[in-house]
Amino acid sequence: MSAVQEAVTDAPAVEAVPKRALTLGTGTSLTVLAALILAPLFVKNFIIFQMTMLLVYGLAVLALNILTGGSGQFSLGQSAFYAVGAYTSAILMEHAGMNYALTLPIAGLICFIFGFLFGQPALRLSGVYLALATFALATAMPQLLKLGYIEHWTGGVQGLVVTKPDAPFGLPMSQDMWLYYFTLVITIAIYVFSVNLLKSRSGRAFMAIRDNEIAASAMGVDVALYKTLAFGVSAGITGVAGGLGAIAVQFVAPDGYTITLAIQLFVGMVVGGVGWLPGSIVGSAFIIFVPNIAEGISKGLSGAVFGVILFLVIFLVPHGARQVALVARHLLGKLKKS
Amino acid sequence: MTALLNIKALNAYYGQVQALHGLAFSLTQGSVTTLLGANGAGKTTTLRAICNMVRSTGAIEFDGAPLAGRSTENIVRLGIAHVPQGRGTFTSMTVEENLQLGAITRGDKVGVVSDIERMYDHFPVLKQRYSQQAGTLSGGEQQMLAVARALMLRPRLMLLDEPSFGLAPLIVRDLFKILGKINREDKVTILVVEQNAQLALELADHAYVIETGRIVMSGTADEIANNEDVRKSYLGY
Amino acid sequence: MELFTNQVLAGIATGAIYACMALALVMIYQAIDHLNFAQGEMAMFSTFVSWQLMQWGVPYWGAFLLTLALSFAGGIVIERLLFKPLAKAPILTNVAGFIALFAIINSVAGLIWDFTIKQYPTPFGSSPFLGSQLISTHQAGMIGVTLLLLIALYVFFRFTRMGLAMRAAASVPESARLVGINTSWMIALGWGMAAAIGSIAGMLIAPVVFLEPNMMGGVLIYGFAAAVLGGLTSPFGAVVGGFLVGIFENLAGTYIPGVGNELKLPIALALIVTVLVVKPAGLFGRPIVKRV
C-alpha cells in the first residue's frame, strides 16, 4: 500500500451493499409474493388493513433506502413528504371529488418536485448537517399544515376525513381487501421500478456518489443532478405511500405526520438493512408491530421495551434483515450441498 | 548480540486476502535493518503487523515478551515507535503539541521538556515553527516532525515506513544522516522500510528483500547492495 | 429599537440553555463523530436524579455535585455497555442505538417519577437581574455558568494532558494509538463528559421549563441547531450558536407576522439551515478538507 492509497478519503458514511445482495433470489421472491397475494383471503378485515399499512410503510422505507442506502444522503425528513402526499390525495378527493386512483400519481409528482427542490439547498450539506436540515423540515411540516392561512383546504388542526373507496365493478370484496390488492399492485410496480433504477446507470451514479463523491465527480458524474434526482425520486415514492396511507386510514391530520414518523422510518431502514430493498418490508413490520408488542409486554414501560428490542436487533444483526438473509442463504447453500 | 525483535511464521490478512506468508526474521539490538521491496510486496504490512494494526497469525517477540493479543497502544508502550506511511501527523495541532503527544505516555515531565529541546537541536526547522499548525508544514518538515514525535517516546525500537516518500533528495539525505546519528547516540534499534534502496542500504547494517509477502533475500547491507539481482531490480544498474 | 434590544437580551437569556445543551452535543461529537439523540434524555434523567436527592434531604449544591459525578459515571457505563459493542457497526446502526436509548430513558423516567410537572429549585433566585425586567437572576446565573463551563473546557483541552490526548484521539485515531493512547477509553471519557455537561444543562433549565420527562424535547432540537450552527468542532461555536438560536427564536416570534409560538421552531430551524447552506461547516467549524 503506497502513501497515495493511504491518502484516499476515509470510509464512506453509508456502507455499500454488494450488488448481488440487492434483491432476493427468484424462489424467495415468488414465495413472498404468493404469501402477500393469498394471505388476505384468510384473515379478518382489520388484519388486512394492517397488511395494507405494512405495504404503505414498506414503500416509505424503500424510498428512504434509495436515498440513503442508494445515494448516501441522510434524511430524517421523510415524514414531510409522506404528509404532502397524504394531504394531496385527501384534498383532491374531498375538495375536487377526484377518483382516488388518479390522486396518487399527482401526489407522487408533486412530492417529486418538492423533493427535487429541497435537494437543491441540500447539495451543500452532508452527514449530520443534512440530517439536521431534513429534521427541520420534518418538524416544520405539522406546523405548516396547521396554518390558518390554508385551513380552508387542509382542515386545520382537525384535518380532513377521507372516503374509503369501494371495490370497482361491483367486485365481491370488502373495501379493505380491495384497497389491499390495489396497494399491493402499486407496491410491486414501485419495487420493480426501484430495483431497476438502482441497477441502471442512474443507480450506479447514485452509488458512486455514496461511496466517494469527489471521485464520482472527477469521473464525470453530474453529482448535483443525481443527488437532487435521488431526493426527488425518494420523495415521490414517499408521497405515493402517503396518499395510500391517507386512503387506508381514512383521514389526514397534522399531528399524524410528526418527526416521530420520520424517526420510525429511519429505524425501519436500519432494521431492514440499509440499501437492501427487500428489507424494507421487514423494517416496516418492525415499526408497525414491535410497538404493539412492547405495549403488550408492559404498558408503563412500552418505550423501554421497544428500545430494548431495538438494541437486541442491532446487537445481533447490526446490518439488519439483510444479514439474516445472507446467513439463511449461506445455510441453505450448505443444506443443498449435503 | 541479542535479538530485540523476533518474528516467526507471520501471516497477515486484509479481509480474505493474505498479504504475508510465513514471514520470519529478527533484529539485533542496536542495529539498523532495512526491508526492501516493490510496491505492494508487504513491507508496510509487516510493520503494521508488528503493531497489531492488521489481522495476523504467528509469533512476534519483543525483548523476549510475546506481542500476541496486545493492543496497538500497549505495544507502543513497550517501547516501539512507529512512524507510519504518510507520517500520520496531527495536522490540526501545533508542532509542539505533536511532540508532546509523542511523550504522552511518559510520566517524567522534566525529561519530556528536555527531550523536546533535544528534538529542536536535531531538527532546528521544527523549533522555528513550534507554534504553527502541523498541517501547514512542508512534506519534509512533517517527516522530521514524525520522526521527532516517535523519538519522544524514548523508544528502544523505531519502525519507519517509507520515510523518503515524496521528499526531495537533499532532504532525504539529511533525514537519513539524522537517523544514523540517533541509532549511534541514542542506541535506538531501527527497522526502516524503503523503496529508495540505495540510501537505505547505505544507512543499514542488515537488509531483507521481500516479494509478494515472502522474504526472498537476507544478508548484510553490503552483501545485498552488491547482489546482482538486487542491483538490477532495485538499484537500477 | 428598544424592543429589539430587549428581545435580543431575552434571546441571550434563553440561548444560554441551548448553549449548554450544545456544549454537551459538541463534546459527544468530538468523541464519536455523530450527534447523540439521547443526550437530552440523559440530561433529563440526571436532573430527576438531582431532584430525587434533594427530596431525600441533600442540599442543592451537594445534589448538584453528586449528580455531576453520577452522570459522568453513567455516561461511561452506557458507552461501555451499549455502544462499545457497536464500535465496528455502521454509523446508521449507532444512530438507531441512540434512538433506542432515547426510548428507554424516557420511558423509565416516566415510570419512576411519572409525568406530572414538578417544581425545580434554582440557586440563583428569580428576582430581576440588576433591576432589568427581561433577565432574571436565574437567567443571569445560567449565562454565567455556561460561560464558566466554556472556559473550563477550553482550559481542559488546551492545557491538560488528558485534554490533549482526547483531541488527538478524536482527530487522528490511528496516530493516537501509535503514541500509546487508548482511543477506546477516550471515547468513553467523551461520553462521560458529555453526560456531565448535559446534566448541568438539565439542572439549569428545569427551573424554567419545569421538571417532567418530556422537558428536553424542544431544548434538544434547539441544541442540535445551535451546535450545528456554531460548527460541530468548536465548543466556542456551540455557545455562540446557542445564543444566536435564542435570539433568532425571539426575533422571529416578535417581528415575523403570523408567527405564534407554534411556528417559532420551524422558522428558527429554517434560518439555521439557510446559514448552513451559505457556510456548510457552521460559523466557527473547521471546514473539512477532503483529501482525494
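The dialogue below discusses the structure shown above.

Author: This is a predicted model, in which local features need pLDDT of at least 70 and side-chain atom pairs count only at pLDDT 80 or more, while totals for chains, interfaces and linings use all residues. Residues are numbered from 1 along each chain as its sequence is written, and chains are lettered from A and ligands numbered from 1 in the order in which they are written.

Reader: How do you know what confidence the predictor has in chain C?

Author: The value to read is pLDDT, the predictor's confidence in each residue, from 0 to 100. Chain C has a mean pLDDT of 86, with 95% of its residues at 70 or more. For the complex, the predictor gives an ipTM of 0.91 and a pTM of 0.85.

Reader: What makes up the secondary structure of chain C?

Author: Helices (H or I, at least four residues) and strands (E, at least two) are DSSP runs, numbered from the N terminus. By that definition, chain C has eleven helices and zero strands.

Reader: Why is chain C called as compact as a globular protein of its length?

Author: The radius of gyration is taken over C-alpha atoms, and the globule rule is 2.2 Å times the number of residues to the power 0.38. For 292 residues the rule gives 19 Å, and the radius of gyration of chain C is 19 Å, close to that value, so chain C is as compact as a globular protein of that length.

Reader: Why is C:Phe210 called partly exposed?

Author: A residue is buried if 20 or more other C-beta atoms lie within 10 Å of its own, exposed if 12 or fewer, and partly exposed in between; C-beta atoms are placed from the backbone. C:Phe210 has 13 such neighbours inside 10 Å and therefore counts as partly exposed. C:Phe210 lies in the loop between α8 (183–209) and α9 (216–230) of chain C.

Reader: What is noted about the phi of C:Phe210?

Author: Most residues other than glycine have a negative phi. C:Phe210 is not a glycine, yet its phi is positive, about 70 degrees.

Reader: How many residues of chain A are in contact with chain C?

Author: Two residues are in contact if their C-beta atoms, placed from the backbone, lie within 7 Å. On that basis, 37 residues of chain A are in contact with 39 residues of chain C. The largest share of this side of chain A, ten residues, comes from α14(A).
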